Amino acid sequence: MTRTVLREQIGGKETNENLEDASNELILTDKDMVSFQVGEVFVHVPMEEVEDRIEQMKMKEVTSKKLEKDSIVAQMAELKKILYGRCKDSINLEED
């Protein structure tokens, strides 16, 4: 794997952890209005709306990762076909 791919994977993990941390902080707060960052600005938003937005962001992140995984698996399958076509039985590739 290249460094760029590894950094992107780490970045995705940090995003998921940040969303989970934000969700946990909301559980601990007793305020009705909380600050929520939109772009570079913080706005006061009702806690229920922030919870909904965080859940939507989590779902978007999960969907994005699933699509990325499916794309990579398809690329791997195509590369395996090519390698087996060229090398026949002289190579052994890992199963999925």
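A residue counts as buried when its relative accessible area is under 20%, as exposed when that area is over 50%, and as partly exposed in between. The exercises below apply this definition to a predicted model.

**Exercise 1. Classify Leu26 as buried or exposed, and describe its surroundings.**

Step 1. Locate the residue: Leu26 belongs to helix 1.

Step 2. Apply the cut-off. Leu26 has a relative accessibility of 9%, and therefore counts as buried.

Step 3. List the contacts, leaving aside residues up to four places away in sequence. Leu26 then touches Val34, Met47, Val50, Glu51 and Ile54.

Step 4. Compare sequence and space for one of these partners. Between Leu26 and Met47 there is a separation of 21 residues in sequence, while their C-alpha atoms are 7.4 Å apart.

**Exercise 2. Determine which residues Ser23 and Lys58 touch, and whether each of the two is buried or exposed.**

Step 1. Ser23 is part of helix 1, and Lys58 is part of helix 2.

Step 2. Classify Ser23. Its relative accessibility is 16%, so Ser23 is buried.

Step 3. Classify Lys58. This residue has a relative accessible area of 13% and is therefore buried.

Step 4. Read the contacts from the side of Ser23. With residues up to four places away in sequence not counted, Ser23 touches Ile54 and Lys58.

Step 5. Read them from the side of Lys58. Under the same exclusion of residues up to four places away, Lys58 touches Leu19, Glu20 and Ser23.

**Exercise 3. Describe how strand 1 and strand 2 are paired.**

Step 1. State the direction and the number of bridges. Strand 1 and strand 2 (residues 41-46) run antiparallel and are joined by 6 bridges.

Step 2. Identify facing residues. Val34 stands opposite Val45 in strand 2, and Gln37 stands opposite Phe42 in strand 2.

Step 3. Examine the turn of the hairpin. There are 2 residues between the strands, and Gly39 adopts a positive phi near 70°.

**Exercise 4. Characterise the largest pocket by its volume, its lining and the elements that contribute to the lining.**

Step 1. State the volume. The largest pocket holds about 260 Å³ of space.

Step 2. Describe the lining. It consists of 13 residues, and those nearest the centre of the pocket are Ala22, Ser35, Phe36, Val50 and Ile54.

Step 3. Assign the lining to elements. Helix 1 (3-28), strand 1 (33-38) and helix 2 (47-87) are the elements that give two or more residues. Helix 1 supplies the largest share, namely 5 residues.

Step 4. The residues comprise 8 nonpolar, 4 polar and 1 charged.

**Exercise 5. Summarise the protein as a whole: how many helices and strands does it have, and what share of its residues is buried?**

Step 1. Count the elements. The protein has 2 helices and 2 strands, and their order along the sequence is α-β-β-α.

Step 2. State the extent of burial. Of the 96 residues, 14% count as buried.

Terms used:
Residues numbered from 1 in each chain as written. Predicted model: local features only at pLDDT ≥ 70, side-chain atom pairs only at ≥ 80, totals over all residues. Heavy atoms only, no water. 1 Å grid on protein atoms, 1.4 Å probe; cavity = no way out; pocket = protein on both sides within 12 Å on 5 of 7 lines; lining within 4 Å. Points joined across faces, edges and corners; volume = space filled by probe spheres on them. Helix = DSSP H or I, 4+ residues; strand = E, 2+ residues; numbered from the N terminus. Nonpolar A, V, L, I, M, F, W, Y, C, P; charged D, E, K, R; others polar. Buried < 20%, exposed > 50% of the residue type's maximum accessible area, 1.4 Å probe, protein only. Contact = heavy atoms within 4.5 Å. Pairing = 2+ DSSP bridges.
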